[in-house]
Amino acid sequence: MGPDATAARSVAVLGAGSWGTALAALIARHGHRVVLWGRDAGVVEAIDARHENPHYLPGIALPDALRATTDLAAALRDADLVLVVVPSHAFTETLRALAPLRPADAGVAWATKGFEPGSGRFLHEVAGDMLGTGVPLAVVTGPSFAKEVAQGLPTALTVHSDEAAFAQLVADVLHGPAFRAYTGDDMRGAELGGAMKNVLAVATGVADGMQLGLNARAGLITRGLNEMLRLNIAIGGRPETLMGLAGLGDLVLTCTGDLSRNRRLGLALGRGQSLDDAVRDIGQVVESVQTADEVMRLASRHDVELPIAENVRDVLHGDLTPAEGLQRLLAREQKAEYPQELFP
Ligand SMILES: NC(=O)C1=CN([C@@H]2O[C@H](COP(=O)(O)OP(=O)(O)OC[C@H]3O[C@@H](n4cnc5c(N)ncnc54)[C@H](OP(=O)(O)O)[C@@H]3O)[C@@H](O)[C@H]2O)C=CC1
Ligand SMILES: O=C(CO)COP(=O)(O)O
């Protein structure tokens, strides 16, 4: 498969929520043929006929050329690239359904952030298992609120794959006048960054909801990055991946931008709202609720201490109030910022 930046592709986007719709619209605007698959007939009909996703991106005009369907086989029939954008809890079942329908030459990328709930497997491990060897795989990640991408605002993200030509192909489809797509070859690090920043966004949201101030917010973001870097070393990701769009970039966006659903969950918890009420009010996927468990399981498998992520997990479980969480963090022993044994 040779990278040809000018070739018009036929792309199947699976998942018609806010991010799947925004990416499908972006790719269609770049002149590629795009079919968006969703499971909700009402949403699909509105996208296909009225060029709007009234549930997830109300009021934003989608390209006329963007097609949508509830028929997975039809969406995949002519695809030479598949982009999966369902929530992490639906990733495995979507890959299972996709596997027998995937056209032989179509590589598979995903923009889902998180791990397989329960097993904690990385999504590239799930995709590899479901699709077998020889299928090009890539993860699309970075600081990118769906609403801003759908509105055509400037955005940068990154595509990581073990196959440089496939990363380039996916990046070429995404890259355009207002959208910069970079490439890399560290799927583990890129997936870890995208998953962990959601958990850390809850922590900064809680702090802001408790009105702990801007110093606390910056401290949490920076020590959160330190937690990402430590776990990343343990799982064999590359440090620079976490210092780039897939790590620091997405961490800053999600910890500070009120469009973030994970940050908004933290804000609500910090103001005293219950988890159930907060998730219901947000009304969209909030990946941290499951990802916090998986991050802590991964950390314990690798014997890595993650005080902020652990607090988030415990607050989400109702085992700790936000105020108790704050006390627990502040009472920790003093230490070096970058202990040599953790950062050799
Ligand atoms: N929104 C954003 O700004 C960004 C999101 N992401 C990631 O993209 C992924 C998708 O999130 P996002 O689009 O925002 O979520 P939304 O909450 O906006 O939409 C979720 C979508 O997933 C669908 N869905 C839920 N369960 C299933 C299932 N079992 N099978 C098929 N479809 C299902 C929903 O369908 P229904 O309406 O029928 O429930 C809906 O279309 C997440 O991992 C998120 O972290 C990454 C970067 C940016
Ligand atoms: O991943 C995102 C931005 O890069 C979206 O963040 P939220 O899921 O917190 O809204």
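Let me start with one residue, leucine 83: setting aside neighbours within four places in sequence, leucine 83 is in contact with Val11, Val13, Leu23, Ala109, Trp110 and Ala111. Contact here means that the two C-beta atoms, placed from the backbone, lie within 7 Å.

Before I go on, a word on the source. This is a predicted model, where local features need pLDDT of at least 70 and side-chain atom pairs count only at pLDDT 80 or more, while totals for chains, interfaces and linings use all residues. Residues are numbered from 1 along each chain as its sequence is written, and chains are lettered from A and ligands numbered from 1 in the order in which they are written.

Back to leucine 83 and its partners. Alanine 109, one of them, sits in strand β5, residues 107-110. Strands (E, at least two residues) and helices (H or I, at least four) are DSSP runs, numbered from the N terminus. Alanine 109 is buried, with 28 other C-beta atoms within 10 Å. For that word, the cut-off is 20 or more other C-beta atoms within 10 Å of the residue's own, again with C-beta atoms placed from the backbone; 12 or fewer makes a residue exposed, and anything in between is partly exposed. Beyond four places in sequence, alanine 109 is in contact with Leu83, Ala138, Val139, Val140 and Val170.

Now the wider setting. Which residues touch the most other members of the largest nonpolar core? They are Val13, Val82, Leu83 and Val170, in a core of 109 residues. A nonpolar core is a set of buried Ala, Val, Leu, Ile, Met, Phe, Trp, Tyr and Cys residues joined through C-beta atoms within 7 Å. Helix α8 supplies the largest share of this core, 12 residues. Domain 1 (10-185) and domain 2 (193-331) both contribute residues, so the core lies between them. In soluble globular proteins, nonpolar side chains tend to be buried together.

Those domain bounds come from an automatic or database domain assignment. Taken over C-alpha atoms, the centres of the two domains are 25 Å apart. Their contact takes 20 residues from domain 1 and 21 residues from domain 2. On the domain 1 side, the elements giving two or more residues are β7 (155-160) and β8 (179-184), and β7 has the largest share, with three. That side divides into eight nonpolar, 10 polar and two charged residues. For these classes, Ala, Val, Leu, Ile, Met, Phe, Trp, Tyr, Cys and Pro count as nonpolar, Asp, Glu, Lys and Arg as charged, and the others, Gly among them, as polar.

On to the ligands. Ligand 1 is surrounded by 27 residues, and the closest are Gly17, Ser18, Trp19, Ala90 and Gln284. To be in such a shell, a residue needs its C-beta atom, placed from the backbone, within 6 Å of the ligand. Helix α1 gives the largest share of this shell, three residues. Both domains give residues to the shell, so ligand 1 lies between them.

The UniProt annotation "binding site", from an unreviewed entry, covers Gly15, Ala16, Gly17, Ser18, Trp19, Gly20, Ala146 and Arg261. UniProt positions are in the numbering used here, with feature names shortened, and annotations may be inferred rather than shown by experiment. Serine 18 lies in helix α1 and is buried, with 23 other C-beta atoms within 10 Å. Alanine 16 lies in the loop between β1 (10-14) and α1 (18-29), and 26 C-beta neighbours inside 10 Å make alanine 16 buried too.

What about ligand 2? Its shell has 13 residues, the closest being Ser144, Asp250, Ser260, Arg261 and Asn262. Elements giving two or more are α8 (187-209), α11 (245-256) and α12 (261-270), and α11 gives the most, three residues. Ligand 2 also lies between the domains, because both give residues to its shell.

Last stop: where does lysine 197 lie? The answer is helix α8. The "active site" annotation in the unreviewed UniProt entry covers Lys197. Lysine 197 is buried, with 32 other C-beta atoms within 10 Å. Leaving aside neighbours within four places in sequence, lysine 197 is in contact with Asp250, Leu251 and Thr254.
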